[in-house]
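Here is a short briefing for a first look.

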Amino acid sequence: MSGFDPSVANPGAGGRLGAIAFLGDGTGRDGRSSFADTAYKNFGPRLGFAYQLFKSTVLRGGYGISYGQGNAAAGLRQSQSFSYGFNAAPSWASTDAGVTPAFYLDNGFPTNWPRPPFIDPTVQNGTAVNYIGRGDGRPPYFGNYQFSVQQMLASRLVFEASYVGIKGTHLGNNLISMNQLNPSYLALGSLLTQNITSAAAKAAGITAPYPGFTGSVAQAIRPYPQFLNITDQADPNGDSTYNALQVKLIKRLSHGLTFLGSYTWSKSLTDGNVAAGGGPSGQDFYNRRLEKSLSTYDVPQNVSLAYTYELPFGPGKKLLNGNSLPGKIVGGWQLTGIQQYQSGMPVQLTASNTLPIFNGTLRPNLIPGVPMTLTPVNPLTQPWFNKASFAVPQTYTLGNAARSYDALRASNLYNESFGLMRRIRIKERATITLRGEFFNALNRVVFGAPSGNISSTSYGRVSSQSNNPRQGQVSLRVDF
């Protein structure tokens, strides 16, 4: 394996730091077996308690630290892209538009091409490269804390209210852009796009960073002008917080009915959105504090219902409980249902990025005092968001809007799914199970997220459906 190393001198760039390092032993290699150091200090304690306050009241609480698989695991899924110098892609073409073949198969495949490996720190000069730092092996960890009150309301009926919090640390993120130009250089304006050999560059006293350099002024003053973008998707510098009130009502099986109802009121903030290996890119590598915002998965309101009910018909039930034919036909049926209702997730705001500083994304400017949302009569043809509440930043400036706002969300989710099941015993060792299931039974339409690109004519408009239409399936199973 090989990858970018900011501490290796690059002879093809006048000895500047930043070149390709090669793992392993031997000439030109760094003697290491991995780019990221193994993390051995991952201590995960757990502490919990339960206290019976009254006969039917129990207090519970606890704290624990848990670890994810880790940034190295997620980053190394792309390990095939860390093979600089270990592959070749030779190609041949006719030199006279096909009159003479590039080569004759009768003579065998051409052999006059360079054979890898090319153990050369300059092998990727002038291209984009990937990077795994020595600290990227630290796994993300989560501090989980909870306090709850359980109250028995009646026989087999329990109510529970909980405060739940999670603090995520060392999350992998996509905010590390080592070769982004510092935004302070935006003061140079259009000079950034001039060639380094131009009269304007010479007049400003900007020269090539090393002999043989070609490119723009912006490329010349990058931290590592010998490379394009340097990507590190495993850097463990992300953080997150989740705080929630969770309420549950549980009815255990009695009179043929079991029921679980839950409600969650929560808020999730983060600058990474994922546990490891990726996430949204930032606007400015030099000011990552701007990236803390609502998580892309923030769902402040969530109601879920799940239940099973044995219909009161047939032998052993309240109605038609004899051995009559009607009782045998309608008896033994069981109704199940799952219903879910939740808030839509935040839409990420962007603007078309024309800045010559090689940053990941650009955000719009917020126009204070202007409502962010509209009330479309027809949500398919009219925008949901008010374009007048934001503006595209002026040339050579960054936007001041946050990554997302609570008011700018995708469509709420509504879903009802039902099932009907009956078991029929044929003999002592044979049973037939009839089952019918219907998903999105009310055929609700949940729209996809509106566009969040303020530069687009489709800003705030919906162009897709995010759920499936009503579906049903029927099955018959014989067990013997």
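The side chains of E416 and R444 form a salt bridge, at 2.9 Å from N to O (a side-chain nitrogen of Lys or Arg within 4 Å of a carboxyl oxygen of Asp or Glu). E416 sits in strand β16 and R444 in the loop between β17 and β18, so the pair ties together parts 28 residues apart in sequence. Strands are DSSP runs (E, at least two residues), numbered from the N terminus.

This is a predicted model: local features need pLDDT of at least 70, side-chain atom pairs count only at pLDDT 80 or more, and totals for chains, interfaces and linings use all residues. Residues are numbered from 1 along each chain as its sequence is written, and side-chain values use heavy atoms, leaving out hydrogens and water.

**Salt bridges**
- E416 is buried, with a relative accessible area of 2% (buried is under 20%, exposed over 50%, partly exposed in between; 1.4 Å probe, protein chains only).
- R444 is partly exposed, at 31% relative accessible area.
- The count by this rule is 10 salt bridges.
- E437 and R435 also pair, at 3.6 Å from N to O.
- Salt bridges with shared partners join R32, D37 and R134 into one network.

**Exposed strand residue**
- F54 lies in strand β3.
- F54 is exposed, with a relative accessible area of 54%.

Key. Helices (H or I, at least four residues) and strands (E, at least two) are DSSP runs, numbered from the N terminus.
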